Number of protein chains: 2
Amino acid sequence: MTRVVGKGIPYIDARKKATGQAMFADDYKFPNMLYVKFLRSPHPHARIVSIDTSRAEAHPGVRAVAIGRDLPLGFGVLPVSPDETAMAVEKVRYAGEIVAAVAGETEEAALEGVRLVEVRYEPIRAFLEPEDSLTECAPEEQIHEHCKNGTNIHKIASLRFNDPEAALEEAPHVRTLKFRFAGVTHAFTEPMATVATWNEDDGLVVISATQVPHYLHRTLSKILGLPLHRIRVIKPALGGGFGGKSDPFPHELITAHLAMKTGRPVKCRFSREEVFLNNHGRHPTDMTISVGCDDDGKIQALNADIVIDGGAFGSFGVVTTYYNGVLLQGPYRIDRFGFRTRRVYTNKPQCGAMRGHGAVNPRYAMEVTLDVLAHDLRIDPCDLRLGNFLPSNTLTVGQLRITSNGVKDCLLAVRERSDWDRRYGKLPFGRGLGVACGFYISGSALPIIWNRYPQTVVHLKLDFDGGVVVYSGASDIGQGSDTVLAQVVAETLGLPLERVHVKAADTRHTPVDLGSYSSRVTFMVGNAALKAAEKMKAEISRAVAREKKVPEDTIMFTNGRVVSEDGGLDLSWDDGVEIALAGRGALATSGWYISPKLGGDFKGAGAGLSPSYSFGAFISEVEVNPATGHVRVVKVWGAHDCGRALNPKAVEGQIEGCIHMGLGQALSEEMRYNAGHLLNSNFTDYRIPTALDTPEMDITIVESNDPEGPFGAKEAGEGPIHPVLPSIGNAVFDAVGVRMYELPITPDKVLAALKARKNAEQEQVS
Amino acid sequence: MTRVVGKGIPYIDARKKATGQAMFADDYKFPNMLYVKFLRSPHPHARIVSIDTSRAEAHPGVRAVAIGRDLPLGFGVLPVSPDETAMAVEKVRYAGEIVAAVAGETEEAALEGVRLVEVRYEPIRAFLEPEDSLTECAPEEQIHEHCKNGTNIHKIASLRFNDPEAALEEAPHVRTLKFRFAGVTHAFTEPMATVATWNEDDGLVVISATQVPHYLHRTLSKILGLPLHRIRVIKPALGGGFGGKSDPFPHELITAHLAMKTGRPVKCRFSREEVFLNNHGRHPTDMTISVGCDDDGKIQALNADIVIDGGAFGSFGVVTTYYNGVLLQGPYRIDRFGFRTRRVYTNKPQCGAMRGHGAVNPRYAMEVTLDVLAHDLRIDPCDLRLGNFLPSNTLTVGQLRITSNGVKDCLLAVRERSDWDRRYGKLPFGRGLGVACGFYISGSALPIIWNRYPQTVVHLKLDFDGGVVVYSGASDIGQGSDTVLAQVVAETLGLPLERVHVKAADTRHTPVDLGSYSSRVTFMVGNAALKAAEKMKAEISRAVAREKKVPEDTIMFTNGRVVSEDGGLDLSWDDGVEIALAGRGALATSGWYISPKLGGDFKGAGAGLSPSYSFGAFISEVEVNPATGHVRVVKVWGAHDCGRALNPKAVEGQIEGCIHMGLGQALSEEMRYNAGHLLNSNFTDYRIPTALDTPEMDITIVESNDPEGPFGAKEAGEGPIHPVLPSIGNAVFDAVGVRMYELPITPDKVLAALKARKNAEQEQVS
């Protein structure tokens, strides 16, 4: 029985955040601080003819001006895509790209300086639609020189297993459907902010709203030419990320550069408009999917052809390109399987990683297609899915290693709780139910930058005060990772949570963690923390056993005490600590996590993409107004297999957040452009769901107890988003009988589909 | 050959301090911060009849008021003297004691609140002269109830070895002289300041200008009733301490209490007047010393009777009481030796530890008495001293274990450099030379609070960036301990200094160190850092040896490289780190220092007061104006044996500082009272030497290479002060023929002595 793990404990920083005492990046103020503002390109694609900064530099409130030439090296979060520079050097690639930066005594002075920078541009043909980027163009029109075959194609990923095309020809039932997904962005609460200080004694210190202090650390070193050990990156309290703060960004590099140049602290904080222009959100996607099955609805084959619109730079795009295909090979058994994804550059703000990275749009396509097939075959969509699920402890055709798998329990739970069997297909016109499933990685087994280090390291310190300090590079971005680390350590040492202090995400003091992306933190950092705590326990046990003459292996840590199984030993934690520290003082232990090796056999070293996968099944109930086309999500039943819920309240929060975010992409969110100019860079025009749009939620946590997760845990922060969108799409079909192949499902699209269906029916009648 | 150790390197925080970027306690500002001000007693000794805080509490700018009853538990830096409370409870014991504290929105509001607190007192007989405190008084007049035999005697320390009284009767030459020393205070640059924050998530955080975060941590826990692990004490940049910040103080406890009471950050900063009222400076001392020697000037015996005026509370006084006697048993061989010291309470600000703690005044008495004896015997004062020095590797009669000892080299150096033999006794009237020697501890072998932990622990962290972080509780108070730790670690790992970062004196993150007092840091923390670095080296060596197939014991770390003796291996440090961290990530190592055990034989476990002792010899040249009585120190030749100078510039700075401080006590500094009221609580009336008073200084560092010190180092921060004062006193005698038995040697005293001598000569003549 656990005492701390498995409890719905408030986050260890909740009271600070609730009372306004938590320090976010923009809360840091230093004496003598400058402010930086940016000049951004007005053109989607143009050559820079000249930049004249002299008038800006002469402004009395301006302290420094920087342009592209000052920081000319290329970077990108993935070493394979170093295609971005801190500021545009020879040309601009999207309307909004930073061309110059001005540090001023006040924000007003910096803005005035920005207005005084004079840039002459020579516009080039802009590529705004992905289909245009697929074809050859004049070399001088290429967005990046390195693109293949004179096109603007950034990356092609293609894998095939067991000739899926042939399988589709053989299958008795096949559906080939086309889908289109608009680009969406993260819409986190806290705009980007960065504060940088520089002095010879401390070197460069960068406090930034980032999910990846480690990659920012490395990128600062490369771009500024400073050794890594002269740089310290601190992630303060963070107001949400969702992948949108998981790249090193130009504004971070520029702010650091200006701090070094001026010798003064420099602060950058984005307006909401700038956050939108920065983007790195989900790729707009065009997708054709073919799924074939037998008469019983058993899936025979899947093939997909996908084009994703990457915008002007690479970001995580190469990973997105693979994930779009690879993550179609579950949660169902599909032995003949293939995909091709092409990522293209366009002259728009770049796209990257966003919650559910790479799998959200393909999942919609797959789950809607399954729904169509179920309808074709008159098989209940739940039954069709139940007949196709992967089991536990198996390999997919593409060598994904599935260990624990609670997907069946998830589906049975939501089917039962939503009263599906009595209600699906039987609700009045305008009201419907839809089901969908999904699965997702618990961290990527491969680091972004190849190295010989573990995925993550956790250090613990225990001193005379009886407090344990956890040092971890993991970035709490609001998801509660600090709390989970404290819970894992407290549980292992049998301590109340208040005995455990977490110092996280400060590259000077915390061992490297790769960052908060791909749902890796609970699984990987949790395991490292568990190991460090077990070592600490062993150190204390050894000392107590020696001094108290009890067998070491009978000593247990529970309820703040150090006791032996037979009750002969019963020490307070503080007394145990006093014995353990006698003659050597404060203890330090280290734990780390290394992913199993890729490739090979399942029972041996076998691995695949991730060490473990989460699973889920969701059912949505919608109300569609046939007169207006408006879709309202009434209720969502969500069941997610997170292995073990280390903090059930946190897991519930993640599932609710996924429902909310999925709802937004499904029904209303969309990055809209005109001639390359973003039209809706604010929360009035970019419509995230409000509290009034929030449906009733019924959450079920399915605990499959992963054999390799810490206390059995897997991910919970991203996986629950995948089934949300198709469950809504499928529910719209159940409600009004039309299939929605494009997201967002806006009223105009619903009306158009209803009208088209009516026309088709009339044609059939006539 | 060393590359970093032994070099006169600028302090690692020097540039920050020089450019104003270092953060001192008063630089910390938090949103919503309150300010605390104190009501202080106008009476030296009085019963508190009543306190009415209602009007203060009703003031619109006041947020909280605290009085003695709120924090009634007794405390003191020594567990044997818990005789102080955060604020006066039933009575006040000195004029200036804190009676109430007010937290206000502004300093002005807090001051207004202080004015509105109404206190009624009933004065009691005040004890202002130590001789009054030696005798019995009415119980209700006792300053503390616990005083012995109805007196105000706080502590009596007395030790005798080999019947010194009998030896003095037998000795052919004996001098018994009386000395009197005024009280002096530290006069550090930075007034006390403390900022405290409290919230449920982080607990209590106290940022304070303290030399002893660890004792403050413990005292906060006791007085506030908070568990140790809920408290974090941070020592920021510090503007000098000299012992004056080495107790936990009432204002620190009160500030923390008010932060907890209000839930808001609270700042306290002292005015200079408050610093003086806080005091804890050197005890005013009355001393009778008898020294006997044979015809050759060989010392036969020493006996001393000492009364020290402790003021109202204990502070470090019990230690002072012992040190006053114990530290007379060197640097000369004295086999028949005794002393009695009585510390009394008086109704004045308390006295405690100050640079050279416990040995400055007795040293003056001893060295002047030796000068008198040398004059009696017509032996050169240098020769007399040379004939009496303790050797290296010996025990004193009181079991002080002397290891390295460079005192003879020190004396020979200053004798040579000052041209003593040609000039002593031969300068024109009004100009003279004086010599004196001294020795001091390198840390106390006993902790203040008995426990089973080491004296100090240092943790190191090494991560992929190739930087090493040193975690130490040691408090850099301006003496440069952070720099010395960085040097020791850099030297051991063969790194340039910039690769090493020091995180110090933050009780949450740094292993316990007992604090910066008794000159313990370089010796003890230096040893712990050395051991931690050697462990780090071993970890790297092992990994490199395994991977590169070279014998582990041939691997050396030098010049930022990892090489083998035969040159077959030559890796950059970063490559070595990459190998060492492969498969396990960031390394953590721990080193600690435990003093040798007290008692026993020298070659065995023998120890004594300190693990090692510094030695020194100084010669001063003065000019005395017989018309005005004014003494000007023209030049000081100082030689100090610090074992090995890890940073010669730092050692020189310490010696220069000791000359300056010694000069102040010798000639001008004095805490002056009228009826218990301090008269000169400012730098106009309390006269520390200015730059214009600073003599020419000729510094010699004698390196005796202590066998147990880190790289051979011993202390350098306190020992050099001891010989300064008597060398000036003795020089005055050489200049104008009068002995100065009272400090400071103010012009009026010189004139009086000259007049007395003239009268005596005239009497002899008549």
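**Symmetry and interface of chains A and B**

The model is predicted. Two copies of a chain are related by a rotation about an axis and a shift along it.

The contact between the chains draws 42 residues from chain A and 42 residues from chain B. On the side of chain A that touches chain B, the elements giving two or more residues include two helices, H1 (14-18) and H16 (573-581). Strands E19 (456-462), E21 (500-504) and E25 (587-593) of chain A also give two or more residues to that side. By class, this side of chain A has 15 nonpolar, 15 charged and 12 polar residues. Of the interface residues of chain A, 100% are also interface residues in chain B, so the copies meet through the same surface.

H14(B) spans residues 481-493 and has 13 residues. From first C-alpha to last, H14(B) reaches 18 Å. That is close to the 18 Å expected at 1.5 Å a residue. H14(B) is mostly covered, with 13 of its 13 residues buried. Just after H14(B) comes B:Gly494, which takes a positive phi of about 65°.

Notes:
Residues numbered from 1 in each chain as written. Chains lettered and ligands numbered in written order. Predicted model: local features only at pLDDT ≥ 70, side-chain atom pairs only at ≥ 80, totals over all residues. Contact = placed C-beta atoms within 7 Å. Helix = DSSP H or I, 4+ residues; strand = E, 2+ residues; numbered from the N terminus. Nonpolar A, V, L, I, M, F, W, Y, C, P; charged D, E, K, R; others polar. Expected span 1.5 Å × (residues − 1). Buried ≥ 20, exposed ≤ 12 C-beta atoms within 10 Å, placed from the backbone.
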